[in-house]
Amino acid sequence: MWGKVYTGFGYWDASAWILFFFIAAFFTLWLRSQGRSDYKKGTEQDEIYWSGNEVPEDGEDITVPASSAYWGFRKALEPFYRGLLGIHTGIATDIVGYYVMTVAFLAVFILLV
Amino acid sequence: MNWNDHLPALILIIPLFGAFIAPICSLGGKTARNFLLVVISFITLIVAFMLWRHVLANGISYYVMGGDKFNLSLPSGMALPVRIILEVDAFSAFMALCGAIVSFAGALFSVNYMNRFSGMGRFVSLYCLLTTGMLGMMVTGDIFNFFIFIEISSIASFGLIAFWRDKPTAIEASFKYALISQVGSMLILIAAGTLYGKYNMLNMAAIGSVLKMGTMEKLALVFLVGSLAMKCGSFPMHMWLPDAYAEAPTGVTCLLVAVSQASLYGLMRVCYSIYGAAMGSSFIPWMIIVFGLASMFFGVSMAVVQHDIKRLMGYHSVSQVGYMLLGLGVGLLVLDDARAMADYGFTAIKGGVFHIFNYTMYKALLFLTAGAIYYATGKRDLNEMGGLARRMPYTTFMFVIAAAAISGLPPFNGFVSKLLIYESSFAVHPFLAVVALVTSVLTLASFVKVFQTAFLGPEKNSLAKIQEVPAAMLIGMAVLTAAILGASLFPSWTLSTLVEPAARALVDQSGYIGAILGGGM
Amino acid sequence: MIGNAPFFAVGVLFLMGLLGIFMTKNLIKIAIAVTILGSSVNIFLVALGYRTGGTIPVHFLAGEGTTMVMPTPQAMTLTAIVIALATTALLLSLIMLVWRHYGTIDVDEIRRLRG
Amino acid sequence: MRPLSVVVRTGCDFFAWFMIVFGVNIVLHGYMTPGGGFQGGAIIATFLVFLLVAYGGKKVLSWANETIYEILFEELGLLCFFILAFLGLNNSFFYNFLAVPLGTVSSGILSIFPSSGTTALMSVAVGIEVTGALSLVILTMFKGIRLFIQNPPEEELGHDR
C-alpha cells in the first residue's frame, strides 16, 4: 500500500515525501514560534505598509486584476498569441471546418502512407 | 437469478429508470425530485463499484440483450454474435467507476446549486439520461450501439448546456456543440456502416477477430479516430469545449468531463481492441501522439491568458486530455513490439489510464469549486474576485488540493501519473517529454494565477457579504477530494488494484475477442 | 456499375451537406445541410443492406423468395432517423433562441464566446 | 399564428381524426409490416399540427394541456416499455418472454393475437410515447416562438426564477 511506484527509470515513494513534509512542517512551525508576540496591537505596528502609507479602504484599489497577470509573458510571446487567438474565431462553421479539415488530412495521409 | 450476472445491464437500467421516472417524481415537489437525483446516482455508483469488483474477480463479463440467457453470445450454433452485446472488461469497469463517482458528486452538488431555478424536473431527467449515455458508451460491445449511446449523451448534453435558456452565451455554446457533434456523429455512423458492409457484423470483438487492413477499413479508422478525438477535445477540434464547459451549469460540467472521457474510452477501444495488432502502420499512433502534444501545449497556452474561471478550466481540460492521448498513443505505437512494450510501452499505458482517473477526479473538483464561487459571488470573471479564502475556507482548501494535483505537484496523484508518462514518452523521443514538462509548468503558472487572484489578496468591498456554500455542495466536493487524497497517499495500491488490471485489459486484444467468441483465438 | 449508383448518390449528398454547412451563413440553412448529411448516411446504410432480388425478412411473409434483404441496416437506419429527428428539433429550437437573443441568424455574428 | 378560413377549419375537423386512426393502425401492425411505434406515433402527432395550422396558436394552446401529454402519454409509454423490457430479466433484459414458437405462427392459428410476443406490445408502448413526445415538441417549439415576446429577456437575467 505504501510501496514504491516503479516507472522503469526510477521510482516514486509517497511515504518518503510525507515524512519529509512533516519534518519541514515541524521546522517551519518551530521557526515561527521563535517570533515575537509582544508587538503593540492597534498602533502603527499593525499597518501593512512600513512606510506609513494610507491603506485604502476597498481592497479593489490594491489588487492586480487577473487580466494583468503574466503581462510580460504575454507581451514576449505576442506573435504566438496573435496567431493562436486568431484561429479561435468562435464562429460555428469555423469550428466544424477545422474538424472536417483534420479528418480530411488524416484520410488523405493514411491512404498515402 | 443471480444479480451479479445482470450487473452490466443494471448499470444502464438504473439511470435510465431515473430519467423516465423523473417527470412523475417532480410532481411530488422539490424534495422528492432531489431525493430521486441523489438516490439514483448513488445506486449507480454502487452498481458500478460492484461491477468493477465482479470484473476484477471473474474476468470479462458480458451480457446479451434479449438473449435466451444472459451469456449466450452465440445462439444455436451461429459462428457470429447477432444480438446487442454489452461487454465489460477491466478497462470499461474502471471507466464506469470513474464516471459513476463523478456523476454522484455532480448530483450532490446540483441539489443545492440548481435550487433557485425552474424546470428542474427536466434537469433531473436529462442528467440521468446523460449518465446513461456515458455509462452506455463505456459498457457497450457493439459499434452501432456505441453510436446510439454517443448520441444519447450528446442530445442530453445539448439540452443541459442550454439549460439556462435566458443566457445568450449558453444557447450559443450549445448550438456550436450541437453542430459539430452532429457532423461528427454522422462520420461515426458512416464508419460503423462501412465496417458492417465489409464484415456483416457490428460486434466490436467479432469485427476485431477478422479485421484486415484495406482502404475502407483505413477510412473507417480515420473517421472513428477523428470524430472521437473531436468529442474528447483534442487540439484543432477543441473550440467547442471551453464554450460548452464554461456555459453549462456546474454540476453538468462536472459530468461532461466524464462524458469526454467516455469518448476517449471509445477512441482507445477502437484503436486497441478493434484494430489492435491489425493496424499495421504507425501513422495513427503517431497522429494520436501529435494530437496529444498539440492539445497539451496549445490548450495550456490558451488557458494562461484567460480570465473567466470556468473557461480557463475548460482550456485546461484540452491540455489534460493531451496527456492521456500521449500516454495511450505511446502505448499504441509499441503494441506489436513485445520488448519495447515491456520496456516502456506498458508504463505509458499505465500512466495514461491512471491519468484518466486523476483527471476525472481533479478536473471535476475544480469545476465544482468554480461553481461554488459562482454560487457564492455570482461572478465568473477573475478580475472581479479577491480575498475569497477568508469567506470560503473549505472551498479554498479543496481548490488548493485539486490545483496542486492538476499541476503535478508531489505528493499528489497528478504527479505520479505525469511521472509515468514523462519517463515512458522520453524513451520514444525526448521532445515528447519536454513538451509535457513545459505544459505542466504552464499549468502550475495559470493555477497560481487563479489562486492568487480569486482566493488571496485583500478583501473587496463588493465581496464583503458572501458566505460559504451549503453543506450538500461541500459534500459533493468532498467526495472527489477524498478520491484525490486516496490516490495520492496510496499510489502503489491504486496502481496495482485500479490501474494495472485496466491497462492489462486494454492491451489484451485476444482476451477481449475471445470472451465473446468463446476463446480459441 | 449501376449497382454502385446509390453510393454515388450518397457521396454527392454528403458533399452537398458538407458544402452547405460551410458555404451558407444562415443558421436555418446550416440546419438543413446537417439534415441532408444525415439523410445521405441513412441512404448509405439502406443501400448497404440491399440484396438484388431480396424479399422481406419476415419468415412467413417472404413467400417463395429465398434471398432476404438484411434487416439490420434498416433497423440501424430507423434508429438513426429517430435520433436525427431529435437533433433537428433541438437544433431548430436552439436557432429560435439564438434569434431571440441575438436578433440575427447570421452565423458570423454569433460569436460572443471566442478567444 | 392566426386561424385560417372556415373551409380549412372544416376540412381539418373532418380529416384530422383520420390521421389518428391511420396512426393507430400503423402502430398496431408495427410488429409485422413496415412502420411501427415511431412512425405511427409521428402520424398521430400530426393531429396537433393540423389543429395548430387550422385554428391558430391561441385556441390550440387553450385546448392542449402539456401535463397530459408529458405524464399521460410520454411517461406511460416509457414506463410500459421499460417494464416490458424488465420483465424478461429472468433470462435477460429485453428478453421476449411472450414469444410464440415458430411452428404455431406458421400454421396461422394466432391470426389476431400478435405472434411476436413483447415486440408488438413494445411497439404500442413506443407509439404512445412518441405521440406524447412529438406533440410536446411541437407545443414547446410553438411556445418558444412567443417565449420572450410576453416576458422580455432582460427580466429573466440572473436566472433566478
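Predicted model: local features only at pLDDT ≥ 70, side-chain atom pairs only at ≥ 80, totals over all residues.

Visitor: How many helices and strands does chain D have?

Guide: Chain D has eight helices and zero strands. Going from the N terminus, its elements read α-α-α-α-α-α-α-α.

Visitor: And what share of the contacts in chain D join residues at least 24 apart?

Guide: That's 70%, counted among contacts between residues at least 6 apart in sequence.

Visitor: OK, switching to chain A. What's its secondary structure?

Guide: Chain A comes to four helices and two strands. Along the sequence the pattern is β-β-α-α-α-α.

Visitor: Is chain A spread out or a compact globule?

Guide: Spread out. The globule rule gives 13 Å for 113 residues, but the radius of gyration of chain A is 28 Å, well over that, so chain A is more spread out than a compact globule. Its C-alpha trace spans about 80 × 50 × 25 Å along the principal axes. As for burial, 14% of the 113 residues in chain A are buried.

Visitor: Which domains does the assignment give for chain A?

Guide: Domain 1 covers 1–34 and domain 2 covers 69–113. The centres of those two domains of chain A, taken over C-alpha atoms, are 42 Å apart.

Visitor: Now the contact between chain A and chain B. How many residues does each chain put in?

Guide: Chain A puts in 39 residues and chain B puts in 57 residues. On the chain A side, helix H1 (14–33), helix H3 (78–87) and helix H4 (92–112) each supply at least two residues.

Visitor: Which of those gives the most?

Guide: H4(A), with 12 residues on the side of chain A that touches chain B. By class, that side of chain A has 26 nonpolar, nine polar and four charged residues.

Visitor: What about chain B against chain D, how many residues are in contact there?

Guide: There, 22 residues of chain B contact 20 residues of chain D. On the chain B side, helix H1 (7–25) and strand S1 (61–64) are the elements that give two or more residues. H1(B) gives the most, with six residues. The side of chain B that touches chain D divides into 13 nonpolar, four polar and five charged residues.

Visitor: Let's get to the packing. How many residues are in the largest nonpolar core?

Guide: The largest nonpolar core has 312 residues, and those with the most contacts inside it are Ile11(B), Ala96(B), Ala105(B), Leu365(B), Ala402(B) and Ile484(B). Helix H13 (residues 338–377) of chain B gives the most to this core, with 20 residues.

Visitor: Where does this core lie relative to the two domains of chain A?

Guide: Between them: domain 1 (1–34) and domain 2 (69–113) of chain A both give residues to this core, so that's where it lies.

Visitor: Pick out Ala402(B) for me. What is it in contact with, leaving aside neighbours within four places in sequence?

Guide: Ala402(B) is in contact with Tyr362(B), Leu365(B), Leu366(B), Thr369(B) and Ile484(B).

Visitor: Last one, helix H3 of chain B. How many of its residues are buried?

Guide: 24 of the 24 residues of H3(B) are buried, so this helix is largely enclosed by the rest of the structure.

Visitor: And what span should helix H3 of chain B have at 1.5 Å a residue?

Guide: The 24 residues of helix H3 (residues 90–113) of chain B should span 34 Å, and the end C-alpha atoms are 34 Å apart, which agrees.

Conventions: Residues numbered from 1 in each chain as written. Chains lettered and ligands numbered in written order. Contact = placed C-beta atoms within 7 Å. Nonpolar A, V, L, I, M, F, W, Y, C, P; charged D, E, K, R; others polar. Domains from an automatic or database assignment. Core = buried A, V, L, I, M, F, W, Y, C linked by C-beta atoms within 7 Å. Buried ≥ 20, exposed ≤ 12 C-beta atoms within 10 Å, placed from the backbone. Rg over C-alpha atoms; globule rule 2.2 N^0.38 Å. Expected span 1.5 Å × (residues − 1).
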